Every structure is written in structure tokens, then in C-alpha cells.
Amino acid sequence: MSEHAEHAVDHTQEHPGYGLFIKVWIALLILTGCLVGVSHLGQTAAVWGLLTLTPLKAGLVFYYFMHLKYEGPLFKIVVLVTLGTLLIFFALLFSDVAFR
Amino acid sequence: MSSTHASTAQPSYLVDTGARQGLMAWLTSTDHKRVGLLYLYSMVSFFFVGAIIGLVMRLVQLTTFEKLITAQTYNALFTLHGVIMIFLFVIPGLPAVFGNFFLPILIGAKDVAFPRLNLASWYFYMAGAILAVLALFTGGGAPDTGWTFYAPFSLKTGTNVSLAVFAAFILGFSSMLTGINFITTIHRMRAPGMSWFRMPLMVWAIYSTAWIQLLATPIVAITLVLVILERFFGIGIFDPAKGGDPLLYQHLFWIYSHPAVYIMILPAMGAISEIIPTFAKRTIFGYKAIAFSSMSIAGVGSLVWAHHMFTSGMSNLAQLVFSLLTMIVAVPSAIKVFNWVSTLYKGSIDFQPPLFFALSFIFLFCIGGLTGVMQGALAINVHIHDTYFIVGHFHYVMFGGTGFAFFAALLYWFPKMFGKMYSKKAIYASWYPMFIGFNMLYFGMLILGMMGMPRRYYVHLPQYHTLHVVATVGSWLLVLGLLMFFGALLYAIFKGEKAEDNPWGGVTLEWTIPSPPPLENFEEIPIVTRGPYHFEPQAKS
Amino acid sequence: MSAAPETKVIPSSLGPDSEGSTGASSVTQGSGHRDDFGSRLGMWLFLVTEMVLFGGLFIAYSYMRYRYPAEFHHGGGELNATLGIINTLVLLTSSLTVVLAIVAVQRAEKKRAMAFLGGTLVLGVTFLVIKGFEWAAKFHHGLYPNSAHLATLPPGEQVFFGLYFTMTGLHGVHVIVGLAVLGVMLWWVATDRIRQDRYIHLENGGLYWHLVDVIWIFLLPLFYLAA
């Protein structure tokens, strides 16, 4: 039968252990520290910190804690489509706000 | 409860087999077919309420009746007409009724992925509907904002906007849950061999629709929450006095409410794509083009919202961008129309009521679509913005488009759903007043709009009077046609002849099972070996 | 799971559960076959709606911030960044304990799973308590929508606080819902309804909690670190 790529990767055959998630958590704490640090370096640095470090943190949570790493392509596509849609909404809205 | 595929035929889904009987058996059933019918009955009831309100609004424009209805009541009437027709009929319309009933059957499944969630969606729908009706009689009176709830008026008016907005929020929830259910069903429950490009086009249409429901509905949900918070706590986001911006409201509202138009029309197009090949007795022309055009309408259609705001004072750049994107949506829509017409070409056409209504759909939808392209052009839009032209245009799309497709789909699948056949003569007879009345009413509105008649006005200037009379008489014919149509179907449910399993000679999966379908749809899950519209020369039995 | 191969997606016992059977769970579809992948897909699609819901608020935030950069900067300075950062650490840790609870269930370490979930609940409540103190302080200073004091501030700051209360408030509602969901999960682990071979509900509940965490990850720099 025509089961497509979305089922190709079988979920949770090999379960990751405690250690991996604790490492990710430590990384998240460090990134939070960096974010706070950067925000003291002035407005420009704070905005850049926001734009880079925050998505990175969110990405770690999505990829590891929410098990996206262990899922097939379908869920990754779903998340990317959602974020892409929001980004386009955002861009189109700013074609108004920023040029009024 | 495990596999009991006995050779004995299953009972029809219309027969109560569980512990509960009668009404309770329906209200607690998670069978997708019964949920579909629950939606059908409630939706058609609300449709008639909306239609009657529309009829009364037309009467107001005959100056004789002005004394019966005050201007404030008129404001409430057009708000109600919009809320009921849009949120309770056209948005859930085809996906909730025919999607629920036929999506699992079309892909060879026994039910949707989450049957209980499915029933819950109907309860959310009913809860939203009841709250919307309650909003009329409680608080400060019926909302008078128009169905768009534009800020800042919706923040300030003393009428019961909060409850109406909350009702719309609940209805949005119902819509999202349905979308989640359908996408999961299509991904997970297709029968063996039912690959993506063997799915009937109705399924593609529902799939695209479900994605819009997921990606756009939450935006209106949060917008409506903001309106409620604004009214109760004064958070100030849309209130210019506090630094807020009503234009932000318009943006957020239309980010959902324009794609909602495609939630309405895509499944309608899907149904038409089922009907046309069946009665042309040949495979659909350009299957993949239609499938992909559904997806691209869903995609591009989500990015055109600000064409509702050309006169609102947004930036020139945004006006250009949104005008361009609006024109682009016409391309996939036209692809569908061309493909339907090409399917008919050299087909052996079997002229039956569903095809008749499907062709009416194509005609009316073309008028709706082309007037839409006109408004996408900035220069014309400024002239006709907020006139009857807009009202005429969207009634051609929503009623002439979705409404007629809904009727066509109902005629097409009625024998399968109820196991009864209606009187074809009665249906043809209802078509004439419906179609003629429709065009008198809404083409009249198009001309009125071009002449400059603004929408939502309680009174009109003398030069518009003749066309207003024509439109009002048209509305009487239209309602007469609707009564004949649904009267014929209602009669058929109780007194109709028994329908064959495959009265139209269709080849998609729903025609391989008995009418009405058995409880589990299929005795055995079918194995699909070919595309959906494969007509053998002798296939018609 | 996955004992039933992913290729067999048609549960043969789907239909008969039609007459309102109050079966085991809210997402699995019958008693015969389970489709855990389908359940997770449904959950992810629900999370899509949540992302877009908050996405709408983030769009509103950026729209307003673009219009009132100075006022937003000043408004952010009024917030207590320390409490915001502490709450971030609390929520990140609670996310960790949820995911560890799943590992524990996978290894049939029931006691440990319950401890982890209990930890999450405690951390979630801690978050709400801190949030409560923070809001109380704002109210004390007259910084709340429709207050007399706020009305004297420039319009941009009024919008800033409107957004602050809306976004953290809606997030708080999600925390409360998440706590309720995880409380049920804890109960189900205790009563063995969630166990080594059947823990899809815990996974889905965890997904919801992580999303709540992700939203807070964005709220922190937008409000507290903006100054």
C-alpha cells in the first residue's frame, strides 16, 4: 500500500535517556543567561539577542523536548508551514505599518 | 467490539442499534454519518432563519414597510443576517455536512480519526449558535455592528456585542476541531491503495480547507478575545483614545475572514469536481491541476486579506501588494472552471438535477469571481467600496457559489444519505424561481452599487427605488424557490421512492456501498487500485 | 507502541464504537488498534492552532512596538526583570521534568515518573505564584488597564500594559490548563492507565506543556528584557 514518507521513521524505537534532556536543559539555561547578558549591552544588542537566541531556545525545546528529532518529516513540515505562515502574515502586515 | 466481519449485512446507519433509541441515539452518536446529518438539520434551520431576516431587510427597502422596522432594528437585522449566514451556514456548510458524511467513505475508512471529538465539534457549533441567538434578547439588545464587529464602534456600542463575539469564538473552536479531525483522517485512514493522487477531488478540497481552518481561525479567535477584553477591561489595543489602532483590528479580522471565504468556496468546488465527471461519464480533466489549485487557492487566498481595507488609509505599498495578490488568486480559480468545462467537452452527458445545479454554480460563480477581480483593482475599488456592488458580489460568491454547490451536492448525495429519491420534476420546478429570483436580487444589487447605493443604509434616494423594487421581488421568488426545493427533499425523506445504490452511475467509493450506507460503511475495507474517476464504457449498470 | 506496524492504519474495529461508547480515552479510536501516530498528529495540529493564536498576539505586539518604540522601551523598564528571569528558569525546569517523566514511563519506573510529574506541578504552581505577586505589584502601582494612573501615561505605554496583561494573562490561563492536564496525567500514571506500553496521553500532555514553555521563552525578552 502506498504509505508515504511520513511513516518512514518509526517513533520511539530507540528511546533517548535522561542524560540527553538534562544536557539540553543546561544549554537552555546558558542561553537564557546569554540573553539576559546581551540585553544589558544596549538596545541594538538586545534586539539581536532577541532575534537569534530566542528562536534558538524555542528550537531546542521543539527539537528535543517535544521529540521532533524522533518524528518523521510530517510533523517538521507542519511546524515549518505554521511558522512560515505567521512570518508571511507578519511581512504583509508590515508592508502596511512600515510604509504608512 | 473487535472484528466481527460476519457475512450478514450490517444494518443501515439510520437504524438505532445501540442501547439508546430515537433522539438520544442521535445526540450521542459518534458515527460520522449521523454527525453529518445533525449538522445538516441544524444548518438548514439556521439558513432559513437567516433567509427570513434577509427577506425582512428587503421589505424595508420597499418604503411602505419602513414604519414596521426602525433604523436601529435594521442595523441589528443586517448584523444577524451576516452572523447567521456566515458563521452558522456557509463557513461550516459543506465541510461539516458532506465532509463529515462522505470524507471517510470517499477514502475507504469506517469513521473519522477522532469520532468523539467530531461529535463534540457539533456541540460546540450548537453552543455557539445558541449563544448567538441569546445575544439578541439579552444585555443591551441585538448587536448593531455588522457581522465584521469593526472597532472602535464594537468597543463602544451598548448592544450585546460581547456575547455575540463570544459565540463567534466558540464557533471558531468548532471549526478548528473539525479541521484537526479531517487532516488526521486524511493522513491516517485512507484505505490500502488510496494514494494521495487517487483521492477524489472533494477530499483534496476538504484537505485544503482544513488547513485554512487551522492556520487562520485562531487569528480571529484571538481578535475576538481582544474585543471582549477591551469591552470589559479596556486594554486599549484597538482603542485610538488609548493609543490603540482600529486598523490593527481590521488587519487581524481579515487575516481570518478573507481566508474564511475560501473555507466556504473550496469544498463547494470539491463537490462540483465530484458531480461533473459523474454526469459527463468521463474522467475529470486535469486531476492534478484541480488538486493543486485547491492547495494554491488555500495558500494565496490567505495572503490577500487587506483588499477589504483599500479605503481604510493603509500604506500605498500595501495597497499595491494586496491588489496584485488578489489578482493572482483568480488564476487557480479559473483553472478549476476551465477544467470542469473541459471535462464536459465530448462527455456523454447525463442531464440530471445535480448537474443542473452544478452548471448554475459555474455560471453564478463566474459572475461572483469576475466581479471580485474588478474589486481587486484599486481604482475601481475606491469607487465601489461599501456599496451594494460589494453586497451583490459576495452574494454571488457565497450564495450563488457555495449555496448552489451545497444544493447540488445535496441533490447528488441525497439518495445515498437517505436511501430515498426525490422528485426530479419538483426540483427542476424549484430551480426556475430560485435562479430567476437570485439574479433579479443580486444583479440588481450590482447595478445599484455601480450607481452609488451604499450598503447597510436604512433608506435610499428616489433614483434607486426601481431597482430596489426589482431586488425585493427577486427575494420573494428566491425564497419561494428555496421552499419548493427543501419541501421536495423533505417530502422525499418521508415519502420518496427507494433509491438505488448507484442512481447516477458514479464510480467513487460511496457508490459501491448500499444506500443508505451501513453502520461501518464497508463490509470490508476496499483495496483501491486506480484513480477516482475511472469510467469503463460498460461501467454503468 | 508500533507493535502494530505503521502501514496498517485502518483499525478494523473502528465503527462499532459509534453509539456513544465511553471508551478508554479521548483520542484513541477504539479498542482494537491504536494509532498513536494519529493521536500525536492530532495534538500537533492542535498546537498549530495554539501557535497561531499567540502568533496573532505577537503580530499585534510588533505592530504596536513599531509605532511606539520609546514607550515600549520605557514600559519594559517598569517590569521586574528579575522575577521574569526566575519564572523562565522555573518553566524551563518544569519542561525538563515532563520530558524526564516520559523517559521514566518508557523505562517502567513508575515512582520516578510520578516524582517528575509532581515536580512539574509544583514548578507550575510556583510560576503562577510569582506571576501573581508580579501582577499584584503592578496593580498596587496603579498600572492596570482602565486605571486612573495609566490614563495619565502616554498612549504607547497604555498599549504596552494592555498587551502585557493580555499576553501574560492568556499565557497564565494556558499554564492553569496545562497544570490540570498534567494533574490528570499524574493520576493516570498512578493508576497505571499510563504505562510502559501506553503513554501517548502523557506525550500529548507534555507537548502542550512544552508549547506553553516556548511561548514564555518569547514573552521574556519581548516584555522584560526590552528595556
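Q: Let's start with chain C: of the contacts with a separation of 6 or more, what share comes from residues 24 or more positions apart?
A: That share is 71% in chain C. Keep in mind that we are looking at a predicted model.

Q: Good to know. How many helices and strands does chain C have?
A: There are 7 helices and 0 strands in chain C. Read from the N terminus, the order is α-α-α-α-α-α-α.

Q: And what percentage of chain C counts as buried?
A: Of its 227 residues, 55% are buried.

Q: Let's zoom in on α1 of chain C. How far does it reach from its first C-alpha to its last?
A: Helix α1(C) covers residues 36-67, so to speak 32 residues, and reaches 46 Å, close to the 46 Å expected at 1.5 Å a residue.

Q: Is α1(C) mostly covered or mostly open?
A: Mostly covered: 27 of the 32 residues in α1(C) are buried.

Q: Now the contact between chains A and C. How many residues does each side bring?
A: Chain A brings 37 residues and chain C brings 33. On the chain A side, α1 (18-39), α2 (43-65) and α3 (73-97) each supply at least two residues.

Q: Which of those helices gives the most?
A: That's α1(A), with 10 residues on the side of chain A that touches chain C. By class, that side of chain A has 24 nonpolar, 10 polar and 3 charged residues.

Q: Let's stay with α1(A). What span should its 22 residues have, and what do the end C-alpha atoms give?
A: At 1.5 Å a residue, α1(A) should span 32 Å, and its end C-alpha atoms are 32 Å apart, so the two agree.

Q: Which residues of α1(A) are buried?
A: The buried ones are A:Phe21, A:Val24, A:Trp25, A:Leu28, A:Thr32, A:Leu35, A:Val36, A:Val38 and A:Ser39. They cover an arc of only 160 degrees around the axis, so they sit on the same side of α1(A).

Q: What do those buried residues pack against?
A: The buried residues of α1(A) pack against α2 of chain A, together with α3 (81-106) and α7 of chain C.

Q: And which exposed residues are on the face turned away from the buried side?
A: On that face, α1(A) carries A:Gly19, A:Lys23, A:Ile26, A:Ile30 and A:Gly37.

Q: What about confidence for chain A?
A: Chain A averages a pLDDT of 86, and 86% of the residues score at least 70. Over residues 1-12 of chain A, pLDDT stays under 50; the model has 27 contacts beyond four places in sequence for that stretch.

Q: Switching to the largest nonpolar core: which of its 278 residues touch the most other members?
A: B:Ile272 and B:Ala408 do. The largest share of this core comes from helix α9 (residues 246-280) of chain B, with 23 residues.

Q: What is B:Ile272 in contact with, leaving aside neighbours within four places in sequence?
A: B:Ile272 is in contact with B:Trp340, B:Ala358, B:Phe361, B:Ala405 and B:Ala408.

Q: What about phi at B:Phe149?
A: Phi of B:Phe149 is near 50 degrees, a positive value in a residue other than glycine. B:Phe149 lies in the loop between α5 and α6 of chain B.

Q: Is B:Phe149 buried or exposed?
A: Buried, because B:Phe149 has 25 C-beta neighbours inside 10 Å.

Q: And C:Asp192, buried or exposed?
A: C:Asp192 is exposed, with 10 other C-beta atoms within 10 Å. C:Asp192 has a phi near 65 degrees and lies in the loop between α6 (155-190) and α7 (200-224) of chain C.

Q: Last one: what does B:Arg231 touch, not counting residues up to four places away in sequence?
A: B:Arg231 touches B:Leu155, B:Val161 and B:Ser162. The C-alpha atoms of B:Arg231 and B:Leu155 are separated by 5.6 Å, though the two are 76 residues apart along the chain.

Key. Residues numbered from 1 in each chain as written. Chains lettered and ligands numbered in written order. Predicted model: local features only at pLDDT ≥ 70, side-chain atom pairs only at ≥ 80, totals over all residues. Helix = DSSP H or I, 4+ residues; strand = E, 2+ residues; numbered from the N terminus. Expected span 1.5 Å × (residues − 1). Buried ≥ 20, exposed ≤ 12 C-beta atoms within 10 Å, placed from the backbone. Core = buried A, V, L, I, M, F, W, Y, C linked by C-beta atoms within 7 Å. Contact = placed C-beta atoms within 7 Å. Nonpolar A, V, L, I, M, F, W, Y, C, P; charged D, E, K, R; others polar. pLDDT = per-residue confidence, 0-100. Arc of directions from axis to C-beta.
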